[in-house]
Amino acid sequence: MLRGIYAAGAGMAAGLDQLDVIADNAANAQTPGFKGCIPVVKGFHSLLLSRVRDGPAVEVGGLSTGAAVEGAVTDFTPGPLRPVEDPLAVALTGPGFFVVQTPGGEAYTRNGMFRLDAGGRLVTGTGYPVLGERGPVAAGPDASILASGEVVSGDRVVDRLRVVEFARPEGLQRVGDGLFVAGPEAGPPRPAEAVLAPGFVESANVNPVTEMVRLIALLRAYEACQKALRVQDDTLGQAVREIARI
């Protein structure tokens, strides 16, 4: 009976962990370039039960001891493109990532909502310099980005945006602000032959309706675990009271 209480409690804890992932997805449904996460739930090791009364032991099957969220994987499915009236907005039409410079080194993003800072550098919405083939991109106030990735200021090409891809993008690590860093599992970045869509921005690949459905299913599972826990607790309490009368 106590094992059942532990299993129900583990189910409730796993539900809370999944809730964090779903809430983060829903909160960023309008964030350009955001990539949703999918929680990975893994069951604990099962027990093999045997009937030991009335003769030799006979196996009667396995018993699950609960589940837990092992982690969350990033869904790198491209999001839909949305037109914007901004000469510095650009979207990737295939796989790949823009390269930006952060205090911790290079990072990668699918969010192409760029702007010019006070020093004339092309930066992300959070202020990180966007890297071209020559380093941080600097341009004049009349700058625009072409489908080839070239950054044009007036009639002069000042640089070409670096676009890279990875052999195993699932190995990228999320660091916030729509950025990823490359861990050993992702492999080294390599140039990508990407075609850009100027005047568009990639929307999040999160569907709010889908997240709402997941949330409803999660709440129902949580309530089921809660009821199972209450029933077993009541039964255990009743058993203790009956034993005390003997």
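**View 1. Asn205 is a buried residue, with a relative accessible area of 18%.** Buried here means under 20% relative accessible area, while exposed means over 50% and partly exposed is in between (1.4 Å probe, protein chains only). What you're looking at is a predicted model, where local features need pLDDT of at least 70 and side-chain atom pairs count only at pLDDT 80 or more, while totals for chains, interfaces and linings use all residues. Residues are numbered from 1 along each chain as its sequence is written, and side-chain values use heavy atoms, with hydrogens and water left out. Asn205 sits in the loop between strand E21 (200-202) and helix H2 (208-245). Helices (H or I, at least four residues) and strands (E, at least two) are DSSP runs, numbered from the N terminus.

**View 2. The side chain of Asn205 reaches the backbone oxygen of Asp75 at 2.8 Å.** A polar atom of that Asn205 side chain also lies 3.0 Å from the backbone oxygen of Thr77. Setting aside neighbours within four places in sequence, Asn205 is in contact with Phe34, Lys35, Gly36, Asp75, Phe76, Thr77, Pro78 and Gly79. Contact means heavy atoms within 4.5 Å.

**View 3. Phe98 and Phe114 form an edge-to-face aromatic pair, one of the 6 aromatic pairs in the structure.** Their centres are 5.2 Å apart, with 80° between the planes. For aromatic pairs, rings of Phe, Tyr and Trp (its six-membered ring) need centres within 6.5 Å; planes under 30 degrees apart count as stacked, over 60 as edge-to-face and the rest as tilted. This pair links distant parts of the chain, 16 residues apart: Phe98 is in strand E7 (residues 97-102), and Phe114 is in the loop between strand E8 (105-109) and strand E9 (115-116). Phe98 is buried at 0% relative accessible area, and Phe114 is buried at 2%.

**View 4. Tyr108 and Phe166 make another edge-to-face aromatic pair.** Here it's 5.0 Å centre to centre and 80° between the planes. Tyr108 belongs to strand E8, and Phe166 to the loop between strand E16 (163-165) and strand E17 (172-176), so this pair links distant parts of the chain, 58 residues apart. Tyr108 and Phe166 are both buried. Zoom out a bit and there's one aromatic cluster, formed by Phe76, Phe97, Tyr108, Phe166 and Phe180.

**View 5. Leu49 is partly exposed, with a relative accessible area of 32%.** Leu49 lies in strand E2 (residues 47-51).

Terms used. Polar contact = N/O pair within 3.5 Å; in protein donor to acceptor, adjacent residues only side chain to side chain.
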